[in-house]
Amino acid sequence: MESQIFKLKNNIEVFYRHNAKTPRIALCFNFSVNKAEKNPCAAALMARLFMQGTKNRTAEQIANELEAYAIEFSAILKSDYLQFKFVCLNEDFSKALELMSDIIKNSTFEEFDKELLKMKGEIVAELDSPRTKVSDAYERTMFKNHPYGTTYTLMLENADSVTKQDVLDVYEEIMNNSRKVIALVGEIPFEEAKEQLDNAFCDISNDKDIKDLPAVKALNGANNTEIIKPDANQAHILKGWLVPSYTSEDYAPLLLLNIILGASGLSSRLFLELRDKKGLAYVVRSSYEALSLCGNFSIYIATEPKNIEVSMAGFKEEIDKIKTVKVSDEELENAKNNLIGKWAFTRETNFQQACLYAHSGVLGLGFDFYDRAKELVLKVTPDQIKSCAEKYFNDNYVTAVLKP
C-alpha cells in the first residue's frame with residue numbers, strides 16, 4: 001500500500017491510496033458548506049437534483065449509464081459538506097469520473113417542481129416514524145436558529161416558499177466558496193490517477209474558502225420539548241448535551257465514554273441496567289456525534305409510555321454513577337478494544353477508506369486524523385473519563401419526549 005497527498009492544477013487537495021489487488025476503485029469528492037442557506041429546504045433539494053439531469057444527459061440516461069457499468073454513485077448533503085462519491089470496477093474508472101464531472105459541473109436542476117413534490121412526500125413519510133420525529137424535535141431544539149438544526153419539519157415548513165433560484169444560489173455558493181478535497185482509493189497507477197483527475201476537475205473554481213457560519217449557541221438550563229403522537233404505542237426519549245468536537249483534548253475520552261455508556265450493544269451500561277435488569281427498554285443506546293463546530297452527546301430509549309419518568313430517573317442514575325465512580329481499568333480497556341475494532345471494520349473497503357479520508361480532509365483535520373486519534377484513544381485514563389462526565393453532563397441539556 002502506498003499513499004500520497006498532492007494538489008491538482010487548481011490546488012484542490014487529493015489523497016491517493018494505492019490498494020493493490022482490489023477489483024473496485026472508490027472516489028469521494030467533498031465540498032465544505034461555509035454559509036447558511038436562505039431557505040432551509042434549498043440545499044437538500046439541490047443534492048437530490050444532481051441526479052435529475054445535466055446539460056449532456058437526462059436523468060434516465062444517467063441512471064442507465066450507472067446501471068450499465070455497475071457504478072454506485074451518490075450525491076449527499078451532510079451537516080458540514082456536500083459529498084459526491086462513486087465506486088466502480090477498475091476498468092470503468094474513466095467512465096465513472098466522466099459521469100461525476102458532468103453531474104457536478106453541468107446539472108440543470110430542471111426537475112425542480114417534480115423533485116420538490118417527491119421530497120415533501122418522502123419527508124412526511126419519514127416523520128411518521130416516532131424515532132425520526134423525536135430526533136427531529138431534539139435536533140431542532142439543540143441547534144435552534146443554526147444550520148445544524150435544519151430538520152425535516154423545518155424543511156417542510158419552508159418547502160412551499162423555496163424557489164429554483166434559491167437552489168442555484170446554494171449551488172453557486174458551494175462551488176465557488178468551499179474547501180474541496182478528493183480521496184481516491186484503489187488499484188490505479190499514481191500518474192494515471194493524477195492525470196485523469198486534473199482533466200476532470202481542474203476547471204473547478206478553488207480560490208476561496210471563507211467560513212461564514214454562526215457559532216452554535218450554548219444551551220441555557222433544561223430545554224424540554226414534547227411531541228404527542230396519538231397512534232404511537234411506545235414512548236421515545238432523547239436527552240443530550242453540547243460537547244466539544246474533533247480538535248478538543250476531550251475528543252478521545254468522549255468517544256470512550258459513549259462506548260461505555262451505550263454504544264457497545266449488549267455490554268454497555270445503559271443496556272445492562274435499563275434493559276436487562278430493569279426491563280425498561282425496547283431499545284436503549286447513547287451516541288456521540290462530532291461536527292465541525294461542536295459535538296452532541298445523547299442518550300436514547302424506547303419504552304412503554306408508563307415508564308417515561310422511571311426511564312428518565314434511570315438516565316440520571318447512570319450519569320451520576322459515571323460522574324462519581326471511576327471506571328475500572330478492565331472496562332476502559334474493553335471500551336478501547338471495542339472502538340478500535342469498530343474503526344477497523346469501517347475501513348475494510350476502498351469505498352469506506354475514501355469516504356473516511358475525504359471526511360477528515362474537508363474538515364481540515366488532516367488525512368491522518370484517525371491514525372492520530374487512535375493513539376490518543378489508547379492513552380485515555382479512568383480519570384479522564386470521570387473528568388469528562390463531570391464537565392459535560394451538566395444541567396444545560398435538551399430532552400425530547402414523544403408519547404401517545
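This is a predicted model: local features need pLDDT of at least 70, side-chain atom pairs count only at pLDDT 80 or more; totals for chains, interfaces and linings use all residues.

Student: Where is Lys21 found?
Tutor: Lys21 sits in the loop between strand 2 (13-18) and strand 3 (24-32). Helices (H or I, at least four residues) and strands (E, at least two) are DSSP runs, numbered from the N terminus.

Student: Which loop holds Asn145?
Tutor: The one between helix 5 (130-142) and helix 6 (152-159). Phi of Asn145 is also positive, near 60°. Asn145 is exposed, since its relative accessible area is 72%.

Student: Zoom out. How many helices and strands does the chain have?
Tutor: There are 15 helices and 11 strands.

Student: What are the spans of the C-alpha trace along its principal axes?
Tutor: About 60 × 50 × 40 Å. With 404 residues, a compact globule would have a radius of gyration near 22 Å, and the chain's 23 Å agrees with that. That radius is taken over C-alpha atoms, and the globule rule is 2.2 Å times the number of residues to the power 0.38.

Student: What share of the residues is buried?
Tutor: Of the 404 residues, 52% count as buried.

Student: Which residues touch the most other members of the largest nonpolar core?
Tutor: Tyr251, Leu257, Ile322, Ile385 and Phe393, out of 64 residues in that core. Helix 9 (residues 251-263) gives the most to this core, with 9 residues. A second, separate core has 58 residues, including Leu82, Ile103, Met155 and Ile204. A nonpolar core is a set of buried Ala, Val, Leu, Ile, Met, Phe, Trp, Tyr and Cys residues joined through side-chain atoms within 4.5 Å.

Student: Why would such side chains gather?
Tutor: In soluble globular proteins, nonpolar side chains tend to be buried together.

Student: What does Tyr251 touch?
Tutor: Leaving out residues up to four places away in sequence, Tyr251 touches Ser245, Tyr246, Tyr288, Ala290, Phe369, Tyr370 and Ala373. Contact means heavy atoms within 4.5 Å.

Student: New topic. Is Asp102 buried or exposed?
Tutor: Asp102 counts as buried because its relative accessibility is 4%. Asp102 lies in helix 3 (residues 93-106). Not counting residues up to four places away in sequence, Asp102 touches Thr54, Asn56, Arg57 and Ser107.

Student: Last one. Which strand holds Ile76?
Tutor: Strand 4 (residues 72-77). Ile76 is partly exposed, given a relative accessible area of 29%. Beyond its neighbours within four places in sequence, Ile76 is in contact with Tyr81, Leu82, Gln83 and Lys85.

Student: How are Ile76 and Phe50 placed?
Tutor: They are 26 residues apart along the chain, with 9.5 Å between their C-alpha atoms.

How values were computed
Residues are numbered from 1 along each chain as its sequence is written. Side-chain values use heavy atoms; hydrogens and water are left out. Buried means under 20% relative accessible area, exposed over 50%, partly exposed in between (1.4 Å probe, protein chains only).
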